[in-house]
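Thanks for coming. I will take a few minutes on one protein chain, and the structure is on the next slide.

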Amino acid sequence: IIKDQENLDPIDIDWTTVTSREDINILGQAVDGLFQPAVDPNGAAAIENAYDGYDRILAFGDYRWTDMEATVQYTIKSWGNGAGVGILLRWPGHYYWDSTQPPYGWNPMGGLCWLGGNGNQ
């Protein structure tokens, strides 16, 4: 999500500039979950979710982008059945597959790279 909708230039995020939760929403958008600045096991600046649970999503970029390249480093601190980590491209947000609240559908989307918790995805 780009704060200036007229500027569709690519973004390069420097996590060393993040010193507060508010900074995270300047660089991207916390769609679901609460995120906080952190340090990864190698001592590099990072972000992490403050609470485990239902989808934790950070959005970056713009839905109108047609070409993109992403490099993402991540550390999995805990893993359970149904857990996963991935990159979702050109995603308009959760979809109502049924009447369940909050909505949990992840289609439609442009593309997905996903490592799922049960080992079958």
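Before the surface, one definition: a patch here is built from residues with over 30% relative accessible area and no salt bridge, and nonpolar side chains are joined within 5 Å. Please also keep in mind that this is a predicted model.

First, the overall layout. The protein chain has 1 helix and 6 strands, and their order along the sequence is α-β-β-β-β-β-β. It has 121 residues, of which 17% count as buried. As for contacts between residues at least 6 apart in sequence, 49% join residues at least 24 apart.

Now the patch. Which residues make the nonpolar surface patch of about 680 Å²? They are Met68, Val72, Tyr74, Ile76, Trp79, Ile87, Leu89 and Leu115. Take Ile76 as one of them. It sits in the loop between β4 (57-59) and β5 (84-89).

The last stop is Trp97, which is found in the loop between β5 and β6 (111-116). Trp97 counts as partly exposed because its relative accessibility is 39%. What does Trp97 contact, apart from neighbours within four places in sequence? The partners are Tyr104, Gly105, Trp106 and Asn107. With Asn107, 10 residues along the chain from Trp97, the C-alpha atoms are 8.9 Å apart.

That is the tour; I will take questions.

Conventions
Residues are numbered from 1 along each chain as its sequence is written. This is a predicted model: local features need pLDDT of at least 70, side-chain atom pairs count only at pLDDT 80 or more; totals for chains, interfaces and linings use all residues. Side-chain values use heavy atoms; hydrogens and water are left out. Patches are made of residues with over 30% relative accessible area and no salt bridge: like charges are joined within 9 Å, nonpolar side chains (Val, Leu, Ile, Met, Phe, Trp, Tyr) within 5 Å. Accessible areas come from the Shrake-Rupley method with a 1.4 Å probe; for residues, only the protein chains shown count as cover. A salt bridge is a side-chain nitrogen of Lys or Arg within 4 Å of a carboxyl oxygen of Asp or Glu. Helices (H or I, at least four residues) and strands (E, at least two) are DSSP runs, numbered from the N terminus. Buried means under 20% relative accessible area, exposed over 50%, partly exposed in between (1.4 Å probe, protein chains only). Contact means heavy atoms within 4.5 Å.
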